[in-house]
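Here's a quick briefing to read with the model open beside you. Have a look around first, then come back for the points below.

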Amino acid sequence: MTTAHLQSSSGGNGSAAASAARQGPGETVVLDHGTGAKLSRELVERISETLGDTYVGTMEDSALLELPTNRIAFTTDSFVVTPLIFENGDIGKIAVCGTVNDLAVSGARPLYLTLSLIIEAGMPMADLLKVVASARDAARLAGVKIVAGDTKVVGKGEADQLFINTAGVGVLERPSVSVRNVRPGQKILLSGYIGNHSIHLLSIREGLGFERNVLSDCAPLNHMIDAVLRSVPAGKVASLRDVTRGGLCAVLHEHARAVNCAIRFEKKALPILMEAAMAADMLGINVLHLANEGCLCLFVEPDVADQVLAILREDPCGENAAFIGEVEASSRPEVRMVELDGTLTTIEELYGAELPRLC
Amino acid sequence: MPNVAVLTNDLQYEFTHKISTDAQELDRMIKQFNVFLDGIRAASQVVVHLQLIHDPNDPQVQRRYRGRAIPAIGGTPGNQLIADVVHPSDVVVVKGRDSGFYETKLHDTLQDLGVSTVVVTGLQTHVCVQTTAADAFFRGYKVWVPEDCVFSPKPEDTKRALDWMAGYCATIAPSSEILARLSTSDDLPGRGEEAAA
């Protein structure tokens, strides 16, 4: 069905470095792993072996894909998360889930991904293969195939261990969902806790002690999204967003701005784990701005809202799903939060990046 | 066996300026702190000193101190615990992050000792004390914080951290109250236990 290419090249002259490649448990990636020579081929073979049956390439220059429709969704994303490996996931899992989720929230069925690795010389080989194995497992869970890839090795200090880019193709087999479909009266739901992914990573970075209690939510959401879209009439789900960089605040502002409406949500309705709230309070950061990797925000017509909530809660990724608010008519775009005492607070959009490298 | 462990954070020579930059004031505060530790030892409870030692090769440490000298390097004179606060019966646990529990043997040590209550002290209140208190709470320990045995250079940081701990995970009290309680009981109540009773 497909033809593909996992190629390899180096960002520097590393002919002497080949001899420095240590074997065994301490083996690290060296510049010669990216020069296109024998060591490169061996690295690519190890990566493709690790990917196993999720990799369906044939080591040629392009993946040739057959699609059941001429309506496709196509996206790309790059991942620079630190730490690279965390308690219940790593950059490989995020790289697959992030692109799968971007396709799925467009209403597409994700099918194919590419996987490109920019590796810093000196990265432990065991860590690299662990990340690749996580990408494989996430792809299996999502039901997608990795059809092409690339590896580049750059010198020490020219990257931070590993950066990943994934691109993805999905097929649109039903009317697409879009922010432009949002209208006053629609209900807003979240599929799960917000803030957990960011708190987990920040806790590991600083050794705060929350990392065992607040785990990353990173997961492919395509099956849950498919269950929702399959179960309600077309058009009843107006818009979907995975609540990633910029957090819930960015998602709500994007929708308010796109259709010039107001969004009102209730603070008490937000699904926030107590330990995540503790950590955010301690760090002086707002959970509304925190990136997630497995949380969905849905804008739905009120007559299917209860049904959608029930479907979400049947999925392990949606068991903490909740209504959080609704869309209101307004002369200007705005996002307002109902505080615990009933007063309204205008939620401003974050101007810059509050927290870098969480995804 | 002790039920209570006092955890001191970062009582090392290189950090004494965060307690006070005035030598006489620092001396007075250390003496006062020692009154509390001596009382704990006299009550047959245990003192555990958490000594911060950074691994300069740890990428997270390098990232945190990018552009600055990495503090708490093992083997340096400044990295040593303040001799006046360490007693031969005390336990020393090395940590590499803010929380004393993060990838250390602290939890196992406390379990081996039979400790169910921790009293978190030292510096800085809004960093290591706060994170260690939260981590202890998550691990099921009863957590107390003596408000006169925690230090931050800015009083407002200490106040904010104490308010946070009181709200979420710890009982805040003067050290004298903790000693008074331990003179009549071999343990301290959990947060809210007395109010509930």
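Which elements do the buried residues of helix 5 of chain A pack against? In this predicted model, they pack against helix 2 (91–104), strand 5, helix 3 (125–142), strand 9 (237–242), strand 11 (296–300) and helix 8 (305–314), again of chain A.

**Helix 5**
- Helix 5 of chain A covers residues 222–231, and its buried residues are N222(A), M224(A), I225(A), A227(A), V228(A) and L229(A).
- As a reminder when you look at that list, an α-helix has 3.6 residues a turn, so residues three or four places apart point the same way.

**Strand 7 and its partners**
- Strand 7 of chain A (residues 162–171) has 8 of its 10 residues buried, so the rest of the structure largely encloses it.
- Strand 2 of chain A (residues 72–79) runs antiparallel to strand 7 of chain A, with 8 bridges joining the two.
- If you want a spot to look at in that pairing, I72(A) sits opposite V171(A) of strand 7.
- Strand 5 of chain A is also antiparallel to strand 7 of chain A, and 10 bridges join them.
- Here, S116(A) has N165(A) of strand 7 as its bridge partner.

**E120(A), a buried charge**
- E120(A) belongs to strand 5 of chain A, which spans residues 109–120.
- E120(A) is buried but makes no salt bridge: K156(A), the nearest side chain of opposite charge, is 4.4 Å away, and a salt bridge has to be within 4 Å.
- What E120(A) does have is a side-chain polar atom 2.7 Å from the backbone nitrogen of G157(A).
- Setting aside neighbours within four places in sequence, E120(A) is in contact with V154(A), G155(A), K156(A), G157(A), E158(A), A159(A), D160(A) and Q161(A).

**Where chain A meets chain B**
- The contact involves 21 residues of chain A and 17 residues of chain B.
- About 1,700 Å² is buried between chain A and chain B, with carbon and sulfur atoms giving 54% of that area.
- On the chain A side, E206(A), M278(A) and M282(A) lose the most area to chain B, together 30% of what that side buries.
- There are 2 salt bridges between chain A and chain B, including one between the side chains of E206(A) and R64(B) at 3.2 Å, N to O.
- Polar contacts across the interface come to 7 residue pairs, both residues at pLDDT 80 or more.
- Helix 4 (196–206) and helix 7 (274–283) of chain A each supply at least two residues of the side that touches chain B, and helix 7 gives the largest share, 6 residues.

How values were computed: Residues numbered from 1 in each chain as written. Chains lettered and ligands numbered in written order. Predicted model: local features only at pLDDT ≥ 70, side-chain atom pairs only at ≥ 80, totals over all residues. Heavy atoms only, no water. Helix = DSSP H or I, 4+ residues; strand = E, 2+ residues; numbered from the N terminus. Buried < 20%, exposed > 50% of the residue type's maximum accessible area, 1.4 Å probe, protein only. Lys, Arg positive; Asp, Glu negative; His and termini not counted. Polar contact = N/O pair within 3.5 Å; in protein donor to acceptor, adjacent residues only side chain to side chain. Contact = heavy atoms within 4.5 Å. Pairing = 2+ DSSP bridges. Buried area = accessible area lost by both parts, 1.4 Å probe.
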